[in-house]
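Here are a few exercises to work through with the coordinates open in your viewer. Try each task before you read its solution.

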4 protein chains.
Amino acid sequence: VPLGLAGPLRVRGEHAQGLFYVPMATTEGALVRSYERGMAALTRAGGATARVLVDENRVSPVFPFDDVGEAHAFLLRLGGLADELRARAEATTRHGRLLRVQPRLLGREVIADFCYHTGDAHGMNMIVHATDVACRWLVEQGLAPRYYIFSGYDSEKRAAGNLLLGGKYKTVVAGARLPAALLRALLRVSAAQFLDLWQRTVAGHLQAGALGYNGHYANGLAAIFIACGQDVANLANSAVGITRMEAAGGGDVYVSVTLPALTVATVGGGTGLGTARECLEILGCAGDGGARKLAEIVGAALLAGEISFGAAIASGELAQAHETYGRNRPPEET
Amino acid sequence: VPLGLAGPLRVRGEHAQGLFYVPMATTEGALVRSYERGMAALTRAGGATARVLVDENRVSPVFPFDDVGEAHAFLLRLGGLADELRARAEATTRHGRLLRVQPRLLGREVIADFCYHTGDAHGMNMIVHATDVACRWLVEQGLAPRYYIFSGYDSEKRAAGNLLLGGKYKTVVAGARLPAALLRALLRVSAAQFLDLWQRTVAGHLQAGALGYNGHYANGLAAIFIACGQDVANLANSAVGITRMEAAGGGDVYVSVTLPALTVATVGGGTGLGTARECLEILGCAGDGGARKLAEIVGAALLAGEISFGAAIASGELAQAHETYGRNRPPEET
Amino acid sequence: VPLGLAGPLRVRGEHAQGLFYVPMATTEGALVRSYERGMAALTRAGGATARVLVDENRVSPVFPFDDVGEAHAFLLRLGGLADELRARAEATTRHGRLLRVQPRLLGREVIADFCYHTGDAHGMNMIVHATDVACRWLVEQGLAPRYYIFSGYDSEKRAAGNLLLGGKYKTVVAGARLPAALLRALLRVSAAQFLDLWQRTVAGHLQAGALGYNGHYANGLAAIFIACGQDVANLANSAVGITRMEAAGGGDVYVSVTLPALTVATVGGGTGLGTARECLEILGCAGDGGARKLAEIVGAALLAGEISFGAAIASGELAQAHETYGRNRPPEET
Amino acid sequence: VPLGLAGPLRVRGEHAQGLFYVPMATTEGALVRSYERGMAALTRAGGATARVLVDENRVSPVFPFDDVGEAHAFLLRLGGLADELRARAEATTRHGRLLRVQPRLLGREVIADFCYHTGDAHGMNMIVHATDVACRWLVEQGLAPRYYIFSGYDSEKRAAGNLLLGGKYKTVVAGARLPAALLRALLRVSAAQFLDLWQRTVAGHLQAGALGYNGHYANGLAAIFIACGQDVANLANSAVGITRMEAAGGGDVYVSVTLPALTVATVGGGTGLGTARECLEILGCAGDGGARKLAEIVGAALLAGEISFGAAIASGELAQAHETYGRNRPPEET
C-alpha cells in the first residue's frame with residue numbers, strides 16, 4: 001500500500017504541540033490530498049485544539065446465576081472486593097492498572113466492567129488475562145459459579161451505542177475556529193453553506209439510524225492505522241463519533257470532532273515493526289509516553305478530513321474531485 | 001504486514017464452490033490460527049452454505065425545498081422520471097446500472113436513494129458521478145432548486161441501523177450445521193455451551209446498544225481486506241451483521257452469519273496492485289465476475305472466525321490462547 | 001383525567017384543512033397551555049402544512065428452516081406466491097388489503113413483511129389474523145415447516161430504528177415557516193436562538209443514542225391518544241421521529257416534524273367509546289374516512305408542541321413555566 | 001377507560017412481598033386476561049423475584065463555550081464544585097438530593113448530568129428547577145457564559161440507548177423459574193419452544209434496530225400507568241428494556257425482565273387524584289415510601305405479560321386469542 005505524508009498539521013494539544021506530517025497508507029491518492037487541504041485550513045487558522053479526556057480500556061465478563069436474587073447479592077458483594085480484585089489482576093501485568101469494577105444486573109446475570117489504564121499499549125490481551133485471573137479467583141472463592149470473559153458489553157472491535165460514553169480506549173476531542181476569509185479562499189465555502197450542510201446531513205444520519213455523525217472518519221483512520229502499525233480491526237469502534245459544525249460569529253465556523261473510543265498505541269503489537277516504527281517516529285510518538293500524543297494528532301487529522309470532505313460536498317466539487325485526483329483506478333470501475 | 005493463508009475452507013455457495021485458502025494480512029499470528037480452526041470445523045462438517053442476496057450500492061442525495069408541500073410534490077414527481085434519470089446516470093458509466101430511485105420525505109427535504117448495480121467494482125466513485133449528473137439535470141429542469149450529493153443516509157463507511165436492511169454493497173448469508181462429535185473433538189465445546197454463550201452475549205450486545213451481534217467480524221475483515229486490496233475503510237459498514245448459534249437437534253449446532261453490507265470488489269481500486277492481485281488469484285476471484293464469489297468466501301471465512309472465537313470463550317481457553325499463540329508482541333504490552 | 005381543548009390550530013393538509021381544537025387529556029395544566037402557544041404561533045403564521053406519506057401496517061412472521069440454502073429457496077419461491085397469499089389473507093377481512101410481501105433472510109430463517117392497508121382502523125388484530133391464515137396455508141402446502149406470527153421485526157409498540165423508514169402505521173410530515181416578528185412577539189426567541197438550540201440538542205441526542213430527535217412528542221401523544229380513544233401503548237412506536245429547526249432567511253425559522261410510525265384510528269378499538277367519540281367528532285374525524293385527517297392534525301399538534309417547548313428552553317423560561325402553570329401538584333413533589 | 005384488576009400476582013421483592021391485584025385500565029379485555037395468565041404462572045411458580053437497582057433521575061444541561069480548550073477547563077473545574085452545586089440545588093427542594101454531577105465533553109460543549117434522588121415523586125419538575133438554580137449560579141460566578149437546561153442527553157420521555165445503562169428513574173429487574181409441568185399445564189408450551197421463540201425473535205429485534213428486546217411492555221405499562229395516575233408520556237422511556245428466556249435445566253425456563261428506566265411515583269402529579277389514589281391503595285403503595293414497592297410490582301407484572309405473550313406466540317394461539325377474548329371492537333375493524 002502506497003505511503004504518503006499529509007501536512008503540515010498544527011496541533012495545540014496537551015501532549016502534541018506544533019506541526020506534524022501525518023503518515024497515511026492508501027491506494028487512493030485523492031484521499032491524502034483531501035486530508036491535506038483540511039490540514040492546511042487548520043494550520044492557517046492557528047491549529048486544532050485537542051484534548052484526551054478518557055484513557056481507559058475495559059473487559060466486561062458476565063457472571064450467570066440461578067436467580068435474580070443471587071445475582072443481586074453478588075453485585076452488592078462485588079463492591080467490597082475492589083482491593084482483592086485489583087491485587088489479583090495487577091499481579092499479572094507490569095503496566096496495567098485496574099481503576100475500578102462497575103457491575104450491572106441483566107436478568108439473573110451480573111456484567112462487570114473491569115476498567116484499566118494500560119499505558120501506551122493497546123492492552124486488550126493484557127487486560128483480558130488480568131481479568132481472567134481475577135474472575136477465576138471469584139469462582140475459586142465460591143462467590144460465583146462461573147463466568148464468560150466476554151459478555152458482549154465490551155464493544156471491542158464493534159460499533160455500539162455505549163462507545164459514545166467513553167471508557168473504551170481514548171476519548172479525544174479536537175476543534176478549531178475557521179475564519180470566514182479562510183473558508184472562502186481555501187475551502188471555497190461560506191459558513192452558511194457549512195451549517196446548512198451539517199444540519200441537513202445530521203438529519204440524514206438520524207433517519208439512517210447512524211451511531212453518532214461523521215463524514216468519513218473511516219478513511220483517515222484506515223490510512224493512519226495501516227501506516228502506523230495500529231490494529232486495523234479497531235476501526236470498528238474508533239470510527240464512532242460526532243462531528244460538529246457551528247456558527248461562530250462573523251461568518252466564521254467552529255468545527256469539532258468528538259471521538260469517544262479511539263484505539264491508538266505506541267508500544268506492542270504492530271507498532272514496532274518496519275515502517276510502522278518509522279511512521280511513529282516521524283510523529284515523535286514512538287514508544288513509551290507517545291499514545292496520548294498520537295491520539296491528539298489523530299483527532300486533529302480526522303478533524304481535517306471532516307472539514308475538507310464537508311467543503312467538497314457543500315461546494316458541489318466532490319464528484320469532480322474524484323475524477324481529477326484519482327490515480328490508481330480506471331475511471332469506469334472504482 | 002505479514003501475510004498468511006488460512007484454510008482449507010470448504011464453501012458451498014452459488015458462486016464459490018470447493019476448497020479455498022484465504023489470504024489474511026495481520027501481525028497477530030494467533031488470529032490466523034483461530035480462523036483456521038473454525039475453517040477446519042466447517043470443512044469437516046461438509047462446508048459452509050453461502051448465498052449473496054443483494055448486490056447493490058446506493059448514493060442518497062438530499063434535495064432541500066422551501067416547504068413540506070413543495071418537497072412532497074417533488075417526491076410525487078420523481079416517480080415519473082425514472083427513465084429520464086436512468087438515461088442520464090447510465091450515460092456516465094459502462095458498468096453501472098441504475099436499478100431504481102427511492103425517495104423519502106424528511107421535513108421539507110427529499111432524500112432519494114439512487115440504487116445501482118456496479119458489477120465487480122467497488123463502484124462508489126462511479127455512482128457518485130452518475131448520480132451527480134442525474135441530479136444536475138433535475139436542477140437544470142427546474143424541478144429542484146439544489147441538492148447535496150450526500151445526505152448522510154447513504155451510510156458509506158459508517159455503522160448505521162439502515163445497513164441491516166441491505167442495499168449497501170452485498171448482503172451475504174453463510175451457515176453450517178456442526179455435529180456434536182465435531183464440536184467436542186475439534187472445538188472442545190458442547191452445543192449447550194455454544195447456546196448458553198450466545199444467549200448471554202446477545203443480551204450483552206443489547207445492553208451495549210450494539211448494531212447487530214458479532215464476536216469479531218472486524219478481525220477477519222481487516223486481515224482479508226488488507227491482503228486482497230479492498231478499501232479497508234469499508235470495514236465500518238461491512239462489520240455490521242448478525243451471528244447466530246442455534247440448537248439443531250442431537251447435540252448439533254447451527255451457526256450462521258448475516259452480513260448485510262459487505263464491501264468486496266475484484267476490479268478497480270487496490271485490487272489490481274501487487275500482492276492483492278495474487279491473493280485474489282489464489283481465491284480464483286481476480287477480475288471480472290469474481291465479486292460475488294469473493295463475497296461468499298468472505299462470508300464463510302467470517303463464519304469460521306465466529307465459530308472459533310465463540311468456542312474459545314465458551315471453553316474458557318481464550319486468555320490462554322493469546323498467551324500461547326501470540327508472537328509479535330512482548331507479553332506485557334499488547 | 002382532566003380533558004382540555006388546545007387551539008385554535010390551523011392545518012393545511014390534504015385531508016385536514018382549517019382551524020381545529022385538539023382534545024388533550026392530562027393532569028398537567030401547563031402542558032395544554034404550552035401546546036396552545038405553539039398552535040397560536042402556527043395559526044398566525046398561516047398554518048402547518050401536513051402530508052400523509054405512507055399509510056400501511058405490517059406483520060412480519062418468521063419461517064425457520066434447517067439450512068441457509070432451504071431458507072434462500074423459500075425466499076425466492078415467495079416472490080411467485082403473491083396472488084395466492086393475497087387471496088388467503090384478504091378472505092379474512094372486509095377492510096384490509098395486502099399490498100405486498102417483502103422477505104429477507106436472517107441466517108437460516110426468512111422474515112417476511114406482510115404489508116397492508118387497513119382503512120381507518122388500527123388494524124393490528126385484523127392483519128395478524130389475515131397473515132396467520134396465509135402462513136398456515138404456506139405450511140399446509142409444504143412450502144415451510146412452521147412459522148411464528150411475530151419475528152420481532154414488526155416493531156409493534158416498540159421503539160426501533162426500522163420505524164424511521166416508514167411502513168408501520170402512518171408516516172406524517174408537518175412543517176411551517178415562522179416569521180421573525182412572530183418569533184419575537186409570541187415565543188420570545190430569535191431564529192438564531194432556535195437554531196443554536198437545535199444544533200446543540202441534536203448533538204446531545206446523538207451522544208444519548210436516541211432514535212431520531214424530538215423535544216417531547218410523548219407528552220402530546222399521550223394527551224391526545226387518551227382523549228381520542230387511541231391505543232396508548234402505540235405511543236412507543238408513534239413517539240419515534242425527527243424534529244427540525246432550520247434557518248429560512250430574514251430571521252425566519254422553518255420547523256418540521258417527521259413522524260414515520262404514527263398510530264391513529266377513527267374506527268374500532270376505543271374510538272367509539274364515550275368521550276373518545278365526542279373528541280373525534282370535535283375534530284371532524286369520527287368514523288370512516290377520518291384517519292388520515294386525524295394523522296395530519298396530530299402531526300400539526302406535535303409540531304406546535306415542539307415549537308413551544310423549544311422556545312421555552314431557548315429563552316430559559318422553562319423552569320419558571322413549570323412553577324407558574326402547574327396546578328395539580330405540590331411544588332415540592334412532582 | 002374500563003378498569004380491571006389482574007391477579008393475584010405473587011412478588012418476592014425487597015419492598016413488595018406477597019400477593020397483589022394489579023389495576024389495569026384498557027379497552028382491550030383480552031389484555032387483562034393475558035397478563036393474568038402470566039401472573040398465575042408466576043404465582044404458582046412461587047412468585048417473581050424483583051429488585052430495584054438504581055433509583056435516580058437526572059437533568060443534563062449543556063454549557064456551550066467558544067473553544068474545546070475552554071470547555072475542557074470548565075469540565076475539570078466542575079469536579080471541585082460539587083459541594084457548592086449541591087447546596088444551591090438542594091436549597092430549592094425538601095425532597096430532592098443531588099447525588100453527583102457527571103460532565104462530558106461534546107466538541108466545545110460540556111454536558112453535565114445532575115443526578116438526583118427524588119424520593120417517591122416523579123421529580124422531573126423538582127430537579128429541573130433545582131438544576132436551573134445551580135446552573136444560574138455557575139453563570140453568575142462567571143464560570144460559564146450560558147447554558148440550556150436540556151441538552152437532549154436526558155432522554156426524558158424518549159427512547160434512547162443511554163437509558164439501558166440506568167440513571168433515568170428506576171432500574172428494576174424481575175425474574176422467575178417456571179417448572180416444566182407448569183409450562184405444559186398452564187401455558188401449553190415447552191421450555192424448548194420458549195427458547196426457540198426467544199432466540200429467533202431476538203434476532204428479529206436486532207435486524208429491526210430495536211432498543212433492547214421485549215414482547216409488549218407498552219401494553220402493560222399503558223394500562224397500569226393510566227390506572228395508577230402515572231405520567232403516561234413516560235412510557236417512551238419506561239418501555240425500553242430486555243426480556244430474557246433461558247433454559248434452567250430439567251425442562252424449566254428462567255424468564256426475566258430488566259427495566260432500566262421505569263418511571264413510577266406514588267406522590268405528586270396524578271397519583272393523588274380520584275381512582276388513581278384508590279388503585280395505589282389497592283397495591284398498598286399510596287403516598288410516601290411506596291415508589292420502590294410499586295416499581296417491583298410493575299416489574300413483576302410486565303414479566304407476567306412477557307410470559308403470557310411469549311407462550312401465545314410460541315403455541316400459535318395468538319391470533320385465536322384475539323378473536324376469542326376481544327370484546328370492545330367489531331371483528332373487522334380493530
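**Exercise 1: a strand and its partners**

A:Val52 stands opposite A:Val172 in E7(A). A quick note before going on: this is a predicted model, where local features need pLDDT of at least 70, side-chain atom pairs count only at pLDDT 80 or more, and totals for chains, interfaces and linings use all residues. Residues are numbered from 1 along each chain as its sequence is written, chains are lettered from A and ligands numbered from 1 in the order in which they are written, and side-chain values use heavy atoms, with hydrogens and water left out.

Task: find which strands are joined to E7(A) by bridges.

Solution. 
- Step 1: Strands (E, at least two residues) and helices (H or I, at least four) are DSSP runs, numbered from the N terminus; two strands pair if DSSP finds at least two bridges between them.
- Step 2: Strand E3 (residues 48-59) of chain A runs antiparallel to E7(A), with seven bridges.
- Step 3: E7(A) also runs antiparallel to strand E10 (residues 253-262) of chain A, through eight bridges. Here A:Ala174 has A:Val257 as its bridge partner.
- Step 4: Nine of the 10 residues of E7(A) (residues 169-178) are buried, so the strand is largely enclosed by the rest of the structure. Buried means under 20% relative accessible area, exposed over 50%, partly exposed in between (1.4 Å probe, protein chains only).

**Exercise 2: two helices in chain D**

Task: describe how H1(D) and H5(D) are packed.

Solution. 
- Step 1: Two packed helices are described by the angle and the distance between their axes.
- Step 2: The axes of H1(D) (residues 29-44) and H5(D) (residues 180-187) come within 11 Å and cross at roughly 155°. That makes the two helices roughly antiparallel (under 35 degrees is roughly parallel, over 145 roughly antiparallel, 65 to 115 roughly perpendicular, the rest oblique).
- Step 3: For contacts (heavy atoms within 4.5 Å), D:Arg37, D:Ala40, D:Ala41 and D:Arg44 in H1(D) meet D:Leu182, D:Leu186 and D:Leu187 in H5(D).

How values were computed: Axes are lines fitted to C-alpha atoms, for helices over the stretch in contact, and angles run from 0 to 180 degrees between N-to-C directions.
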